[in-house]
Amino acid sequence: MLEIIGTVEKVVGPVVHARGIMKAKMLDLVEVGENHLIGEIVKLEGDWAAIQVYEDTTGLAPGSDIYSAGMPLSVELGPGLLGTIYDGVQRPLEAIRDTSDQYIRKGIHVTALDREKRWEFKPVMKAGTVLEGGEVIGTVQETRLIECRILAPPGAKGKVDRVADAGPYGVDDVVMRYDDPSGAAVEVKLHHRWPVRQQRPVKGRLPLKIPLITGQRVIDTLFPVAKGGTVVLPGGFGTGKTMTQHALSKWSDADIIVYIGCGERGNEMTDVLISFPELIDPRTGRPIMERTILIANTSNMPVAAREASIYTGITIAEYYRDQGYHVAIMADSTSRWAEALRELSGRMEEMPADEGFPAYLPTRLAEFYERAGMVETLCGSEGSISIVGSVSPPGGDFSEPVTQHTKRFVRCFWALDRQLANARHYPAISWLDSYSEYVDEVSDWWEENSGGEWAEFRQRIMDLLQQEGKLMQVVKLVGPDVLPDTQRIILETCTMFKNAFLQQNSFDQIDMYCTPEKQLKMLRVILDFYILGLENIKKGANIHQIKRMSVTSEIMRMKFTIANDELEKIDEIRDRLHRSMQQVEDMFE
Amino acid sequence: MKKASIEGREYIGINQIDGPLIMVKGIHNVGYNELAEVVDPTGKVRLGMVLETSSGAAVIQVFEGTLGLSIPETRVRFRGEPLTFGVGAEILGRVFNGLGAPIDGGPPPRADAVMDVNGLPINPTAREYPRKFIQTGISAIDGMNTLVRGQKLPIFSGTGLPHNKIVAQITRQAKIVGEETSFAVVFAAMGIKHDVAQYFIRNFEESGVLEKVVLFLNLADDPSVERLVTPRTALTAAEFLSFTMNMHVLVILTDMTNYCESLREISTIREEIPSRKGYPGYLYSDLSIIYERAGMIKGIEGSITQMPILTMPNDDISHPVPDLSGYITEGQIVLERELDQRNIYPPIAGLPSLSRLMKDGIGEGMTRDDHAHVASQLFAAYSRVKDVRALAAVIGEEELTPLDKVYLEFGERFERDFLSQREYEDRSIAETLDIGWKVISMLPKEELHRITEEELNKYYGS
């Protein structure tokens, strides 16, 4: 039986005012009313408290009891997280469905990790070792892809007394016992809990230097993100935020993906649930669901749980990072999270800042994005968290508070463009508005892995795109015919680059994922087209002779026709391009 | 205090009346969102809902308005439960007000179950992903913005545009090719004019489906607060028909802009902190609770397909109502005034319209193998047309390159042959795609980057 710590005084939507609260701490978890709705104390003043409730408060009356759960809002961390779909406060949605019908009803309490399941535990730690928090006790093969390293909870200290033998254990079973400095025996289970609003400790931060390869050309080649980096992805509705996030979770080379569907559509989560188990990771050959954790707090689920979902997601990500994995978080969409903050703040009658958002919005955003990074973990290995947060600006206007504040705390900006989306140019990431501050950091990696041309190629094509942007302003006024052919070749090259390279079809079996090698070869062909074409024009050829070459349509289609493992065919196209250019040149010798 | 002892207790006299809200003090502790019966001095009962509850006091929103209420003489009873609607097979063919009371002169229908109108969030793991193509017979929708069963696809319109005609045409023609199923239409009117409601009813009569329609009418002269529950009552009916009676239900909600205005009205009276244009900060959450009550459930035959209509104030798609709707719904059909002025029906804007669920509902075995690429090519080419037109407006058509002139002509043909059709013209998907190919074939093959070689060989120029 839980202890009663106060009574409800007033109910305003998801916010409950309480009286008689003496023993509670800030951010303590409580249960409210006879349905035991889950809530969190967010304000304390004398014996008065404000509680945000994670479930629908319909029917809740003043005078109802409030029970203490005796801990802050926390998540269960242990094997069994992968492949599971949770709501914003880590309730497993599939298990809820087993106890109920198609609806999520109130007051359901289901543990996050399956208590029945047995895991084959292999001890690593030896009895007698001097224990530090975060060290590996043993391992469990969580999915065929991922080995879950069972960690001593951060902060644990002492001398290991006993480590469990290899064998099947449940998450509640004790796998290690140690004596803390005071001499008391402490038991460590296969899982432990961690408060979501508290960052998990690490040994130190490491510089970012490895790109997160996403297989999406516009990202990897033009606006790369480093492992441990942060990205904001703003775009109006229909510009492809969710599609981009899905593509990243499918193809990026992170070990673990945490996908947070925060206040978004129910069907989108269903789409993930159906398609991910069928999709095979190109690097490991296993279904990508085996490395994915879904947090789904759809728009119609309680708004307070939406606020918590972001923290639930990042805490789970930190758990895997601490085991030495590279984790990528997709937060879709952080605007809905900010709106949840705004709604709760409004219900508590706080003084608003920009557009009704609370004044602490930037602080909260900064806290969230700062939990990303490349770190040395407590167990001495390297792990990272990269965050890609989408933003849904009202009216597609990037000057609104959430986009603006987020830009201050991230280093990569992928601006989704309405015009491109309307022309069904996907991914609709604008090459003129977007930027990445990670270009220099990841150059070395590309140099080692691709022969040192990436940074140079990238700069050249970016220059051409910039020039094209200026030329298009002229074209819009007077038409392309008045431009000299030396400039029209820029327009042609950029059109080719946009169609043949930047546009990527995420439903095409070949085009959906593009290796860095293929990207670089494709880019080289397109740049050759420009360089040789320009030379020919200078020698007297005209733009139409160059456009007419039959090899151009091969270049246009190479993204669909050439698979990632037959890249020599791109070299053949390049040879044909050189020959065709030579033929044009021969006419003017 | 136990629930039983307070049931039926009536409080005489209230403390405050402000617009549609009343405040009562000195009462027992009532539950949030619960139903209240407000008895006016003449003895007539109005329904209300608890918006805020604190020890011994409550703020109630009165659905039928507060006209004629007085401080000392008004009496209040609390039901101890949220607003419910009695559902059963007999609701088909009936007309209700926004609260679910019959207004067609008939007796209340027999209720098989009494359901809370607020609904519950559907567990995403219980959802079936919608992928069954609905043929509406309208090329602009079937070809380029395909509707699938269980989708929520709104129509973003403006005042004076023919959204009602289009929706009526869809209800007449919509079908799943090669399938006979039981279907129903739930029609919820929020603040629309009397003659618009009549137009729909006449249309349902003409196509002989009136006994399959459930109407919820809150017309322009009905109390505006009632609008806040109208879509909820209607969706409760839809949930019963689809998930209990296994019917395929098309829900039409018109006009969502009026709904949002009522929400703003209440919010302003309650002195809540506004976000954009005075709308409350929770408009998104509130709308999503309505729109998300659509879809399909694993293991259940029926489905709810939603088609909300909303008029964009001043044709502005970035206005909060269309903007927030677009973030929740699975695409949008946008009507364009310029097309309408050029007498093109249906005036469905080519570029801003979108169906998010299209990708999984089309292709071989569902529509036709070439569908996805044709649609993508039409979008790309039409987007080029827009650029060329903008250029032509500056430099004149004569100065355009030969290719741009071809695009200009393509644009004309696309609008005249593909987009336009008659109000009673029901095109099959094959016809739609064939017309698509006819207009695409005006462009040289080298321009068609989004179509595969094989498709070009098979269909180009046919």
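Trainee: Where in chain A is A:Gln90 found?

Mentor: In this predicted model, A:Gln90 sits in the loop between strand E8 (85-86) and helix H1 (93-99) of chain A.

Trainee: Why does A:Gln90 count as buried?

Mentor: Its relative accessibility is 4%. Buried means under 20%, so A:Gln90 counts as buried.

Trainee: What makes the phi of A:Gln90 worth a remark?

Mentor: Phi of A:Gln90 is near 60°, a positive value, and the residue is not glycine. Most residues other than glycine have a negative phi.

Trainee: Which value does phi take at A:Glu349, and is A:Glu349 buried or exposed?

Mentor: Phi of A:Glu349 is near 55°, again positive in a residue other than glycine. A:Glu349 lies in the loop between H6 and helix H7 (361-369) of chain A. Its relative accessibility is 67%, and the limit for exposed is over 50%, so A:Glu349 counts as exposed.

Trainee: How do you know that the peptide bond joining A:Asp332 and A:Ser333 is cis?

Mentor: From omega, which is about 5° for the bond that joins A:Asp332 and A:Ser333. A:Ser333 is in the loop between strand E22 (326-332) and H6 of chain A. Chain B has a cis peptide bond between B:Thr254 and B:Asp255, with omega about 5°. B:Asp255 belongs to the loop between strand E17 (248-254) and helix H6 (256-269) of chain B. Most peptide bonds are trans.

Trainee: Why is the contact of A:Glu343 with A:Arg347 called a salt bridge?

Mentor: The closest N and O atoms of A:Glu343 and A:Arg347 are 3.2 Å apart. The cut-off is 4 Å between a side-chain nitrogen of Lys or Arg and a carboxyl oxygen of Asp or Glu, so this pair qualifies. A:Glu343 and A:Arg347 are 4 residues apart in helix H6 (residues 334-347) of chain A, about one turn of the helix. Both A:Glu343 and A:Arg347 are buried.

Trainee: What makes A:Glu585 and A:Lys539 a tie between parts of chain A?

Mentor: The salt bridge of A:Glu585 with A:Lys539 has its closest N and O atoms 2.6 Å apart. A:Glu585 lies in helix H16 and A:Lys539 in helix H13 (residues 516-539) of chain A, so the pair ties together parts 46 residues apart in sequence. With a relative accessible area of 15%, A:Glu585 is buried. A:Lys539 has 39% and is partly exposed, since that class runs between the 20% and 50% limits.

Trainee: Which residues are joined into one network by salt bridges that share partners?

Mentor: B:Glu10, B:Glu37, B:Arg75, B:Arg77, B:Arg79 and B:Glu81. Over all chains the structure holds 80 salt bridges. Another of these joins the side chains of A:Asp322 and A:Arg321 at 3.0 Å, N to O, and both residues are buried.

Trainee: What makes A:Asp565, A:Glu568, A:Glu572 and A:Asp575 a patch, and of which charge?

Mentor: These four residues gather on the surface as a patch of negative charge. A patch residue needs over 30% relative accessible area and no salt bridge. A:Asp575, in helix H16 (residues 568-586) of chain A, has 42% and is partly exposed, so it passes the area limit.

Trainee: Which residues form the nonpolar patch on the surface?

Mentor: A:Val474, A:Leu477, A:Val478, A:Val482 and B:Val394, with about 420 Å² of accessible area together. Helix H11 (residues 454-478) of chain A gives the most, with 3 residues. B:Val394 is in helix H11 (residues 371-395) of chain B and, at 47% relative accessibility, is partly exposed.

Trainee: How do you know that chain B is as compact as a globular protein of its length?

Mentor: Chain B has 14 helices and 21 strands. Its radius of gyration is 25 Å, close to the 23 Å that the globule rule gives for 462 residues, so chain B is as compact as a globular protein of that length. Buried residues make up 62% of chain B.

Methods:
Residues numbered from 1 in each chain as written. Chains lettered and ligands numbered in written order. Predicted model: local features only at pLDDT ≥ 70, side-chain atom pairs only at ≥ 80, totals over all residues. Heavy atoms only, no water. Patch = residues over 30% accessible without salt bridge, like charges linked within 9 Å, V, L, I, M, F, W, Y side chains within 5 Å. Areas by Shrake-Rupley, 256 points an atom, 1.4 Å probe, with all protein chains shown as cover. Lys, Arg positive; Asp, Glu negative; His and termini not counted. Charge placed at Lys NZ, Arg CZ, Asp CG, Glu CD. Helix = DSSP H or I, 4+ residues; strand = E, 2+ residues; numbered from the N terminus. Buried < 20%, exposed > 50% of the residue type's maximum accessible area, 1.4 Å probe, protein only. Rg over C-alpha atoms; globule rule 2.2 N^0.38 Å.
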